[in-house]
Amino acid sequence: MVLQNIIFPALQSVIPEDLYFRALNEKVELFRAAPETLSFHAGGRAAFDTYFNGITVERWRELCAIENLSLTLEGKGKFIVRFGLHQLGLPHRWLFEHTVELEEGAPVSLDLPFWAGLERGLLYMWVEALEDGYLRGGNVSTTQQPVRDARMAIVITHFNRKPHLLPALQKLEAGLKNAPQWKDRVQVIVVDNSQNVTPDEAGSALVIPNRNLGGAGGFTRGLLYAKDHDFTHCLFMDDDASCDFEAVCRAYMLLSYSTEDRAAIVGSQLRETVPWQLHEAGARFVKGRWIARKHMLDMRNIHHLLLSEMDDSAANYGGWWFFAFPISAVRHFPYPFFVRGDDAEFSLQNKFPLVTMNGICSMAEDFSVKESPMTRYLGLRATMVLMMLNGEEKSKPYLDVFLVWFRGVLFSYNYASAKALIMAMKHVMEGPEFFVRNMDMANVRAQIGALTPSEKMVPYDLKDIEVLHHHHHDGRIRRLARLVTLNGTLLPAVLMRDDVRFQFKDFNAAFRDIFRFKHVLYYHEATRTGYVATQNRKLFFELWKEGLAVCAKFARAMPALQQAYVKALPNMTTEDFWRHVYKNELTTEEKKS
């Protein structure tokens, strides 16, 4: 059974080559056009101690108890093949060396006798060409049989993101077509909340037209289908998250061999704009804080690769851009958050043992670019409810979270976001029934869409506006002035500059840079979109006053409010709850025959 394949980057991939292999001299060259080929002149050397082609010993040995391993190579030429091992805190070791002669169409396999003695670290292949030749791939495999016969449904929830969805579907379809052994094991299901994906566009994927109940509703609809059609596992994937089919294969094999029946595989996330950088490898929700594990590690760096696999600060939830789990382990269905927080509560309630592994990942746009009044509303609302559902009993931590978020948007002149945060607090105070009444979020979306001033990212030509880019050093006096004037809000108008300060789009502005500027341009270079925010002192103080009033009201309501959420939780996350939601929408094809 193949555990993982050796892979190379495709022609249009933005991921750098050294996440796949390291050319150790100038006698090695990659040809990206299919079939991807690593070409060698005599004396060419390459190492595979990389994010996508390294072998994480702990996952296959500890999680899956794999007792034997072999290597298969495809290509042409004569090569020296070595295996080495990197470990944190220990020197590098060579474990194995063998000379192989490859012929086109005749793969060569080698048993790896050292495997049974390994416990941890990054195992990798190193090759040197003894003559001109090439490698077209290969794999590591075992003769050991899987613990279980898995059948996995890949559930993608879609809403009006065809430019992202359709390439992802094409990539998955190509992977299934090129590896027919997956035909009866894996099915792609698109839950189409926008109801605009045609059968021709979907290819071999099953499309389920669905009422838009957000990610929570869409993924639940897919989970119900999978459960009704005898799938053993689900893989939740976002419609804007891109991954190689190999990531799906590795997740499937980990689940097939895992000795932990309830283990779930959490795909890491690489940053779309910095594709060698890790955004997170699983995450933690602790006392209102969203903590990305292994954030900003450089996946080109061997030491960082080892750190990314280190079992410290264990994840307690996984994002649904790539989350694979056994259906039998689901005790609680998703909370009807619409979006934001549904994936966290799903993990927290079900207490899956969460597993990450280098090479199982997807790429996605940075969350900071997506930040808007709507996402801030959804994020704060989910944070407050998750704190209540997971045991936070004192009101101060809730108010601290709100005030940090609120201060950030006010000082950034994002007043529509400030209004949205106040709205989120008010809606949370309506109790758990609010989420049942507003499962489709139609009224809320309309309210937030009507907020002014707008913070909508629109096409923006920098030639149309004069902007200042310089950064300010914050000395002691300047920092004190910013503090006592609320970052310039209390300064007299004569001391304010009527210029536009440039800021790359992020969660908030860099306060020291916008100090004394009346206008800020928030800009995203990749899409050439942005908007200008303008300081409004009158609105600042009106919103500040309203925010403090909401805090006082929330503090008084919190004890009873928490009890209400905790009491309502079990009934709002049952399978019966969701089947009742969809009772008039399940089609004949979706019902078990």
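Guide: Gladly! Let us begin with R482 and D474, whose side chains meet in a salt bridge at 2.5 Å, N to O; the term stands for a side-chain nitrogen of Lys or Arg within 4 Å of a carboxyl oxygen of Asp or Glu. Both R482 and D474 are buried, where buried means under 20% relative accessible area, exposed over 50% and partly exposed in between, using a 1.4 Å probe and protein chains only.

Before we go on, a word on the source: this is a predicted model, in which local features need pLDDT of at least 70 and side-chain atom pairs count only at pLDDT 80 or more, while totals for chains, interfaces and linings use all residues. Residues are numbered from 1 along each chain as its sequence is written, and side-chain values use heavy atoms, with hydrogens and water left out.

Now turn to R437 and E430, a salt bridge with its closest N and O atoms 2.7 Å apart. Here R437 is exposed, with a relative accessible area of 51%, and E430 is partly exposed at 40% relative accessibility.

E525 and R528 form another salt bridge, and their closest N and O atoms lie 4.0 Å apart. E525 is partly exposed at 41% relative accessibility, whereas R528, at 55%, counts as exposed.

Salt bridges can also join up: K227, D228, E575 and R579 are linked in a network of them. Across the whole structure, the search finds 30 salt bridges.
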